[in-house]
Amino acid sequence: MDMDRAAKLKKYGTKHSHVLGKKNRDASVEIKVAVIVAVMICALGLLFFAFHHKKEESALGYVTKAELASCMSFLLEDTLPKEWQQDADSYVTQGQMKELIRNIGLAGIVSVSGGNEPLKREEVMNYYEQILDYLDLDHSVNEKMILILSSDGKSCQTQLGSLKWECPVQGIADFYTYEVYIQDQKILGIKAQSEKTAALREVQVYSVSDDKVQVTYEQEEYEIACKDKEGLKELKGAAASCTLCIKGGAITKVKNISKENAAKGKEDKEGKEEIKEKSASQPDTVKVVLLNQGAVHYDQIYLACDGKWTIKKNEKKTVHKKTDVVSVKKLKIKKGKFAVAEPAKAEGKLYLTDKKGNPVSKGYYGTITIYKDGQGYYLVNKVNIEKYLYSVVASEMPAAFGSEALKAQAVCARSYVYRQMAAEDYRDYHAQIDDSTNYQVYNKSDVVNADMQAVEATAGEVMYAQDEIVNAYYFSSSFGRTANMEIWGQKEKDYPYLKIKSLNPADTSSDKLDLSDEEDFRKYISKKEADVFDSSSRYYRWQAKAELSACTKELKEKIKIRQEINPNQFTFYSTAKKKVRKVSSLKGFGGAKKMYCSKRGKSGAVLVLTIQFEFGKVEIKSEYNIRSIIGCTMEQITYADGTTDTGSRFLPSAYFSLSYHKKSGRYVLTGGGNGHGMGMSQYGAAGMAQAGWNYKQILTFFYDGVKVQTINKK
């Protein structure tokens with residue numbers, strides 16, 4: 001910098017000397033001095049800027065020390081100098097970035113030149129991404145594109161839901177899109193302003209002006225500038241639901257306008273407050289993606305109905321008879337478009353069939369919308385929630401469990417679906433949930449009168465905890481205890497209604513419920529308490545044999561698959577050359593040698609399973625990962641009723657002890673229960689019903705402190 005300034009001063013001096021000539025040397029000297037002083041003042045100004053780094057030309061042009069500290073928070077140790085806190089609003093310079101790189105041990109790997117010039121945002125984030133590549137082994141930091149709907153500096157509403165700011169960033173504007181770094185629902189930093197367009201679906205428009213629209217989205221109100229003049233014209237005159245394409249602070253396109261299913265216009269303050277109350281009013285329909293053997297898309301679909309029905313495409317309806325079988329391909333749905341199949345009568349059912357009209361599914365109430373995108377067709381069943389529950393109860397619990405158990409199941413399923421609907425995991429597919437065990441099993445068993453009666457007897461009833469519908473998790477059967485949120489690595493205090501419970505009626509002391517000690521768990525699981533409510537299940541006790549070394553290839557493949565889905569639940573350590581260090585994969589680990597429980601929870605569940613290889617080890621968290629990974633090593637499992645299975649590749653639960661038999665070279669897993677173990681045991685509910693408990697007593701046992709109340713529907 002000093003050499004550059006000297007060169008500039010010399011250049012300016014030479015130029016002015018040449019213009020004045022020899023006869024005016026005195027005046028020239030004075031002018032030169034004045035110029036030099038002016039340039040020096042400018043230079044001092046630049047130096048002041050370099051030291052204080054206050055941004056003027058672009059609010060997002062540079063990165064403050066506070067924001068970089070936020071970005072680095074994914075590391076447990078403090079990597080930033082303490083003096084940065086005193087000057088948190090100043091911009092990060094080249095020299096400071098170089099110092100940071102050295103502090104975290106990447107000097108010589110990530111190259112940074114020194115200097116006092118502030119680095120532009122793009123440069124800082126390029127360095128940051130290199131840091132993530134080397135140090136974020138769990139891939140806990142993810143890059144996302146978000147649309148800012150509103151922000152108060154502590155949190156912001158986006159199309160992905162509510163996110164928290166780890167550190168406030170200046171220059172963020174509503175209705176602009178940004179590429180951001182996110183960890184655990186927190187925004188660590190901004191990569192850049194994005195040029196992408198974000199889509200908000202099922203937005204309720206209640207007022208339109210010449211260049212703005214007032215809308216409700218996810219129970220919040222917004223006023224957004226609109227550049228789509230044609231869209232504005234179409235929206236005027238009535239409330240409507242639609243899709244808004246937003247970019248650069250304004251709506252660029254209004255799509256999928258629907259006035260038939262629109263929310264009512266809000267004409268007064270009382271109406272606005274009513275929509276804002278999230279728990280006061282809930283929809284009475286749910287939109288379910290109908291999966292194709294686990295996949296979203298189909299190549300071909302045939303539809304039929306048990307009575308007269310219609311298909312609506314591009315506002316044109318065609319009427320079909322009961323005997324008609326319709327090939328979706330013949331509908332000629334264009335990419336990005338859809339068609340809606342609907343029975344003529346409310347009690348009618350639609351069916352997926354083969355080419356000849358033979359049903360390949362149970363019947364669906366409501367409508368089925370066939371969408372087409374670049375990957376094929378996909379189906380969304382929009383159905384009344386109570387009718388949806390007929391099939392869920394039938395698919396999730398045998399009718400033989402008794403009416404009170406079925407009622408408890410109905411309330412659980414209703415509570416659960418309302419919670420899952422709010423998350424809208426399938427928003428990109430115009431839906432909220434799917435029909436698999438990812439949510440609740442739907443339309444996989446025939447509905448009988450007992451199922452319908454249980455749903456109708458509890459119509460609209462859900463469980464509340466502190467005015468919020470609970471996450472009513474449930475599972476098949478226990479080993480004598482239920483679990484809390486520790487099995488999924490979440491805070492117990494955030495789910496106070498999910499507590500560890502004993503299903504032994506005689507076991508009333510909460511002091512005896514801690515099974516985190518390995519020996520205590522072994523003693524408990526090795527005996528069978530005949531009077532436990534769900535001991536009639538064959539899964540109440542089981543014993544599995546597993547062979548580790550011969551399954552190394554399959555084991556590694558399963559670990560890789562699960563790690564890609566849940567990267568933060570796996571930690572890899574290389575032990576090559578007798579040095580233990582974190583690595584990002586199983587590469588070079590060699591053959592599998594042994595496995596053991598590294599951490600057991602109070603409920604008795606294995607929370608961390610360690611698998612040792614020749615030159616490394618992997619720590620696995622979360623009960624589902626543990627069950628699926630051990631499952632691929634299982635040779636045989638024997639259940640409490642004496643039956644055996646040699647084809648199972650999924651461990652029934654994470655409630656087991658491990659022992660190794662040298663003679664056979666096999667691990668023996670002694671365990672109990674079937675499922676994650678949290679919330680209501682379905683076999684336990686059946687046992688309670690047989691003992692004379694009613695459904696509300698069953699529910700308030702499994703879900704601590706809840707109230708069963710009727711929900712308010714829209």
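Lysine 253 sits in strand E10, residues 250-258; helices (H or I, at least four residues) and strands (E, at least two) are DSSP runs numbered from the N terminus. This is a predicted model, where local features need pLDDT of at least 70, side-chain atom pairs count only at pLDDT 80 or more, and totals for chains, interfaces and linings use all residues. Residues are numbered from 1 along each chain as its sequence is written, and side-chain values use heavy atoms, with hydrogens and water left out.

With a relative accessible area of 44%, lysine 253 is partly exposed (buried is under 20%, exposed over 50%, partly exposed in between, with a 1.4 Å probe and protein chains only).

## An open sheet

Seven strands make an open sheet with mixed pairing, in the order E14-E13-E16-E18-E19-E11-E20. E14 (316-320) and E20 (433-434) are the edge strands; each has a single partner strand, so one side of each lacks a neighbour in the sheet. Two strands count as paired if DSSP finds at least two bridges between them.

Next, E16 and E18 (residues 367-373) are antiparallel over four bridges, with valine 340 opposite threonine 369.

## A hairpin

E27 (residues 592-600) and E28 (residues 606-613) run antiparallel, joined by seven bridges. They form a hairpin with five residues between them, and glycine 604 in the turn has a positive phi of about 100 degrees. Tyrosine 596 faces threonine 610 across the pair.

## Salt bridges

There are 21 salt bridges in the structure, each a side-chain nitrogen of Lys or Arg within 4 Å of a carboxyl oxygen of Asp or Glu. One of them joins lysine 387 to glutamate 347, with the closest N and O atoms 3.1 Å apart. Lysine 387 is in helix H8 (residues 385-396) and glutamate 347 in the loop between E16 and E17 (350-353), so the pair ties together parts 40 residues apart in sequence. Lysine 387 is buried at 18% relative accessibility, while glutamate 347 is exposed at 53%.

Arginine 627 and glutamate 623 also pair up, at 2.8 Å between the closest N and O atoms, and both are buried.
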